[in-house]
Structure formats: C-alpha cells, structure tokens
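Take a moment to look over the fold before reading on.

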Amino acid sequence: MATRIRPSNKRCAVIGGSGFLGRHLVERLVDRGYAVAVFDIRQTYELPGVNFYQGDLCDKHALLTALKDVSIVFHCASPAPASDDRALFQRVNIDGTRTVIQACHEAGVQKLVLTSSASVVFEGSDIKNAKEDLPYAKRPIDYYTETKIQQEKLVLEACSKEMDFFTIAIRPHGIFGPRDPQLVPILVDAARRGKMKFIIGDGSNLVDFTYVENVVHGHILAAERLKADSPLCAQAYHITNDEPVRFWDFMSQILVGLGYSAPRYHLPYMLVYGIALLLWLIAFIMRPLVQIKPTFTPMRVALAGTHHYYSCARAKQDMGYQPVVPLKEAIARTVESYPHLRKGA
Ligand SMILES: NC(=O)C1=CN([C@@H]2O[C@H](COP(=O)(O)OP(=O)(O)OC[C@H]3O[C@@H](n4cnc5c(N)ncnc54)[C@H](O)[C@@H]3O)[C@@H](O)[C@H]2O)C=CC1
Ligand SMILES: CC(C)=CCC[C@@H](C)[C@H]1CC[C@H]2C3=C(CC[C@]12C)[C@@]1(C)CCC(=O)C[C@@H]1CC3
C-alpha cells in the first residue's frame, strides 16, 4: 500500500488572509515559524515568508494550488456583514465553504479552523454570558448571520476521525484593533456627521468587544490543540476579551481618545429601532430606483441597545485560552493606531 505523505504541520493557509483579522493572524503565524499561504480575492500587502494566491474560494482548482502541502487551513473569509446581497452570502459562505472542505480533503489537509461568529445565536434581544450550547438563532437578524450559521454547521459536521480530518469553529465577537476598516471608521464617520450625540436606551447594556490579538491567539491555540480524540473536535468556542463592557462606555472611550465628544443624550430604544425599521423599509422599496444606505439599520440599533456578551469558559477549559491583551490596553493601542482619524486631522 502506498504511504500517504503528510504535509509538514508548520505549513498553513489563511483563506481571507488579506482582511483585517486574516492579516493579523498571518503576521502572528509567521512570528511563530509557520510557512503561510494566503488565499484571498485581493492582495493588500506583502510579507516575507508568505505566499499569496489570488482567487475566489468558490473555485476549487484555485484553492488546490494554495493548499498544496498544507496541514492547517484557517478559513476567515466572508463578504462584508453590512452587504445586503443575499446571493453573494449564499455563494461565498455556504457553497464556498463546501468547496473549501472538498479542497481540504483532496489536498490532504488535517485541520480546518473556521472563523465563525458569536452572532450565530443573536436574534436582536438580550444575550447575557451565553455558553456555546445556546441554540442557533431561529430568526437570524440578517443574511450574514443566516449564512454564518449554515457555514458553521457545515464545518463542524465535516469533522471525521476516519478521514483524519479535524474541524473547529471559533466564535469571536466585536473584533477591534489597528487596521479594522469597520468599527472605528464607522464610529468616527458618525461623529463627524454629528450623529454621535445620542445614547440608545439607558446606556447600561453590556457587550463583548474583543481585541484582534486575542482573537488571533484563540485561533492559533485551537489549531495547535486540535487533534484526534481531543475535546476540541467538531466544537464551537466563544473567544472574547472576557471583560464585557457597557457598549456606550466603549464607544465613548474610543471617541474621546480620538478627540471627539462622548454621546450624552438618551433616546428610547424602541423609538430608534422603529425609525431604523422604517428607514430600512423605505430603502428596500426605493431600491430599484435609488441605493440608500442608512447609518441606522435595525441590526446596528439592536447591537447598540441590547446586552450581548458570551462566556469563554469552554475555551479556557479545553484549550487553556486566556486573553493576552486586556481591554484598557487594547483600547489605548487601537486609538493610537488611527492618527488620521483624530479630530482635526
Ligand atoms: N470583524 C468582526 O467584528 C467579526 C468578524 N467575524 C468573522 O471574522 C472573519 C474575518 O472578518 P474581518 O477580518 O473583519 O473581515 P474582512 O472583510 O476584513 O476580511 C475578509 C476577507 O475575506 C476575503 N474574501 C471575501 N470573499 C472572498 C472570496 N469569495 N474568496 C476569497 N476571499 C474572499 C476579503 O477579500 C477579505 O480580505 C469573517 O469570517 C467574519 O465573519 C466574526 C465575528 C466578528
Ligand atoms: C460587539 C459588536 C458586534 C460590534 C460590532 C461593531 C459595529 C456593529 C458597531 C461599530 C460602530 C457602531 C455604531 C453604531 C451601531 C453599531 C456599530 C456599527 C451606530 C450606528 C448606532 C447608532 C448611533 O447612534 C450611531 C452609531 C455609530 C457607530
């Protein structure tokens, strides 16, 4: 019988490695001595020790070129959550993830680490210190969440001892840090347009914001501890900063750090949610004629006005996870990294 030659376990691929999280992950993997292949539809940087493969993850042949001799695949590609292109989410997050799994099998990959999201259980109402056994959202709040649920199921169901193929899903929440194109830029844009004067609700809602290096640490621990018969196989893990913070305190700290005023005036949650719903409806009806992108979407209002924080006890127990950068330090580093977004810059 021919012996199957296993790829070196220091060779990995990061699908979505040109993105915010992906690039931080790639940098850390290189520091730890991994040879890294980045697979992405775009190339945003160059780094010694990293090979770039530009392509769509729905294209198995393109993927197979990048997965040659790779033993670990990190899958952190996704369309932007704010998109409302249902077909794109279906194609990339569901059909594309099936293609990734198929390519892993054909290339002899041993481990697949999926970046899922804690939002897979979020339906727009309060979530307090939830464990991973909370059921998936029955009425997902948008196409992004709907397809992240299907994606996570596909990856966890693909775990197979017989095939020597092990899978795990990491569920981060509210990732922030240097180079994030979403959180800080959206916040500053809202502040510059005078829209950050108001607090939605009483301002006491607790939320997890997770520093990108902690999310990276969770991914690498997962990959290194995942093996046959380990409790990690086919499981999902919340990875957070383990320091839930008031949503509006967090926003205020970022804003004040960048020289803007903190929001002060309170608006009732149901009123703002109702307005957001109405705006969304108008935008939907007008879509054939004009593209309107409201700042206040129902999803954003729900995220800004409810509790949503998660227990990471399972990750601590099964993989020895502890956040490596505390929240205060993480906020300081983030603020420092956006000099061009400071007031007056
Ligand atoms: N940013 C956050 O707060 C959170 C993010 N996540 C998940 O983390 C992952 C990474 O998110 P970010 O780094 O924030 O997003 P990002 O948008 O910065 O990175 C995603 C990358 O995927 C690539 N990509 C998209 N479609 C592709 C395709 N068809 N083929 C190949 N590459 C493709 C993009 O070009 C991009 O570089 C995503 O899976 C997201 O769902 C989960 C929870 C929170
Ligand atoms: C914890 C978690 C999942 C965070 C996600 C981050 C974004 C969804 C937020 C980043 C900036 C936020 C923001 C708002 C909602 C949530 C964000 C988009 C508002 C639109 C909420 C209503 C306002 O008053 C303006 C805010 C601008 C910033």
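This is a predicted model: local features need pLDDT of at least 70, side-chain atom pairs count only at pLDDT 80 or more; totals for chains, interfaces and linings use all residues.

Residues are numbered from 1 along each chain as written, chains are lettered from A and ligands numbered from 1 in the order written, and side-chain values use heavy atoms, without hydrogens or water.

Two packed helices are described by the angle between their axes and the distance between the axes. Helices here are DSSP runs (H or I, at least four residues), numbered from the N terminus. Axes are lines fitted to C-alpha atoms over the stretch in contact, and angles between N-to-C directions run from 0 to 180 degrees.

Start with helix 8 (residues 269-286) and helix 9 (residues 298-305). Their axes come within 8 Å and cross at roughly 160°. The two helices are therefore roughly antiparallel (an angle over 145 degrees).

Now turn to helix 7 (residues 247-257) and helix 11 (residues 327-336). Their axes come within 9 Å and cross at roughly 40°.

Last comes the ligand. How many residues surround ligand 1? There are 23, and the closest include Phe20 and Asp40; a residue counts if one of its heavy atoms lies within 4 Å. An oxygen atom of ligand 1 is 2.9 Å from an N or O atom in the side chain of Arg42. A nitrogen atom of ligand 1 lies 3.0 Å from a backbone N or O atom of Leu57.

Technical notes. A polar contact is a pair of N or O atoms within 3.5 Å; within protein, one must be able to donate a hydrogen and the other to accept it, and residues adjacent in sequence count only if both atoms are side-chain atoms. Angles under 35 degrees count as roughly parallel, over 145 as roughly antiparallel, 65 to 115 as roughly perpendicular and the rest as oblique.
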